[in-house]
Amino acid sequence: MLSLGFVRTVFYNARNLRKRASVTCINNFRGWECLQQAPNYLYVYFRKQRLCFSSTSCVKNMEEILTRNVDSLPTYEMRDKSPPPPESSSLEFIQFYRSLDKSQRPEFLFKLSSDFGVDHKSVAELAANVMDSQKRDISTVLQAEDRLRYCLTPRYKVLLNHISRVEGGVKFLVDLKADVIEILASKTSDSPHIRDLNGTLKCMLSEWFSVGLLSLERVTWKSPCELLQKISQYEAVHPVRNWTDIKRRVGPYRRCYVFTHGAMPGEPLVVLHVALKEEISDNIQTIVRGFSPLDAVEDINKVNAAVFYSISSTQPGLQGVELGNYLIKRVVRELQGEFPHLNQFSSLSPIPGFTNWLLGLLNEQRKEGPSNRILSDMEFRDIEEITGGRAYETMRKLLSTNEWVSSGRLVKALEPVLMRLCAWYLYGEKHRGYALNPVANFHLQNGATMWRLNWQADTSPRGLSASCGMMVNYRYFLQDTSANSGRYLKTKEIEASDQIRNLVLQFQKASKL
Ligand SMILES: CC(=O)SCCNC(=O)CCNC(=O)[C@H](O)C(C)(C)COP(=O)(O)OP(=O)(O)OC[C@H]1O[C@@H](n2cnc3c(N)ncnc32)[C@H](O)[C@@H]1OP(=O)(O)O
């Protein structure tokens, strides 16, 4: 708890705060007039600026730890010859960081990244040397460029490299990256130094977790119990209810694959669940509820399609390393080896966010009055006649409670409406020009085709609440994925089937978009 004296010091000295030894201003934020207090921290909003303070002892500790453990960047001449710091430095850094309260970590990472990063003065001098060297011979130019390249190495990167070599060090860095992602996503800090730290960590982790260094493992009922337990815990798409559930998901006509890494033994990094079917599934209940006897022998003639029905990354710190994409491509090759005739590969994917997006649209209708962006005149009348209420009001209420599925007439009346709205949500709604829906964006980045929208594909409460029960197949036409991915990433063009395009056209006609 901070003493009243500390609070008084802060308030009455806010103006010349930086000169005061008694408190340390950590970060400036834009914010409203209010006072927040976290353990060891005081957030003061001063002239629309939020100043975050911590008691000096904590800050002193951080500075001592950083000064003692973050070695200076070796000179260019000694870059390959300088002895590594003692392992104790890495262990002390890891231990100190883990001892920090979550609310203290932004400050620590801010200090690490801003005070122990790149020596900007030297960079400027060496950049001038590179410019001067342009008139000289090529070896002089290359030498000057190499010196500059080396000088752009943040000082803390030397420590991070050494940490990666101690036991558990890579896992520590993956978790550190997760903290940095969270700090940036939650806007706890908008420091450019922390963004730079994020980029440095992403480069390091992308190298260490490149597909050549990952091991593909098929999970079966004979796999270690701990691994099966982790698979169940990490399942982020269709929650595993019990051991019987997970036994079915690794049983006949099912495959479960994970990527693992030698530096994080026993830790599945990303998990892919596959159903082997006669044709591409349009319903998830037939996969997670339907199953063969556990001792059934697989009939190869019944395996014509591989349906990816769940893919989950387990390490938030590896976000952006694209493990899911690598795993799907690797599993396709694995299945082609096991079933040479197999040529249909598709996901059966959830559509998180559609229902909420639609409810937002209905709210707009309520405020701006029906501009018929949603219902045709006939649909409007049908819904009012079936429900006995005002169409948009009733739709909003019934969709937010999932009650609409209990009326067969309403389900029939809403099918064309919801199917075309959902097709538009997936194909037309964008975020920075890419698909708004993150799952769509993931598969489209991988080069999949938005292939089929499925009505009543997930009738669980979860499926109804997320996307009014609809699911979508992203089809992997192997010969097209590379070109599709390149086009999507470069021109943001979505590869879609005729079914999807026709539904989008129907939406555009109905909404006069
Ligand atoms: C069969 C299926 O389609 S299941 C549905 C997909 N799985 C899920 O939604 C579970 C939660 N999500 C995850 O586990 C991961 O985000 C994955 C597996 C989808 C992707 O992880 P990675 O392969 O590591 O990819 P990466 O982190 O680089 O993200 C790639 C894209 O995935 C999408 N994505 C990222 N985070 C999420 C998330 N939490 N949920 C869904 N999609 C996400 C984004 O579109 C992202 O693109 P962006 O980085 O340009 O925003």
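Is E298 buried, partly exposed or exposed? E298 is partly exposed, with a relative accessible area of 26%. Buried means under 20% relative accessible area, exposed means over 50%, and partly exposed lies in between (1.4 Å probe, protein chains only).

This is a predicted model: local features need pLDDT of at least 70, side-chain atom pairs count only at pLDDT 80 or more, and totals for chains, interfaces and linings use all residues. Residues are numbered from 1 along each chain as its sequence is written, and side-chain values use heavy atoms, with hydrogens and water left out.

**Figure 1. The whole chain.**
The chain has 513 residues, and 48% of them count as buried. Its secondary structure comes to 21 helices and 13 strands. Both are DSSP runs, numbered from the N terminus: helices are H or I with at least four residues, strands are E with at least two. Contact means heavy atoms within 4.5 Å. Take the contacts between residues at least 6 apart in sequence: 72% of them join residues at least 24 apart.

**Figure 2. The salt bridge of R255 and E298.**
The structure holds 21 salt bridges. In a salt bridge, a side-chain nitrogen of Lys or Arg lies within 4 Å of a carboxyl oxygen of Asp or Glu. Here R255 pairs with E298 at 2.8 Å, N to O. The pair links distant parts of the chain, 43 residues apart. R255 sits in strand β6 (residues 254-261), and E298 in the loop between α12 (285-288) and β8 (305-313). R255 counts as buried because its relative accessible area is 1%.

**Figure 3. The salt bridge of K102 and E182.**
The side chains of K102 and E182 meet at 3.3 Å, N to O. This pair also links distant parts of the chain, 80 residues apart. K102 is in the loop between α3 (87-99) and α4 (105-115), while E182 is in helix α8 (residues 169-185). At 43% relative accessibility, E182 is partly exposed.

**Figure 4**
E125 and K121 form a salt bridge at 3.1 Å, N to O. Both lie in helix α5 (residues 120-133). They are four residues apart, about one turn of the helix. How exposed are they? E125 is partly exposed at 43%. K121 is exposed, with 62% relative accessibility.

**Figure 4. T449 and its contacts.**
T449 lies in strand β12 (residues 449-454). T449 counts as buried because its relative accessible area is 7%. Leave aside neighbours within four places in sequence, and T449 is in contact with residues including N473, Y474, R475 and F477. N484, E495, A496 and S497 are also among its contacts.

**Figure 5. S82 and A263.**
S82 is found in the loop between α2 (56-69) and α3. S82 is partly exposed, at 28% relative accessibility. S82 and A263 are 181 residues apart along the chain. Their C-alpha atoms are separated by 25 Å.
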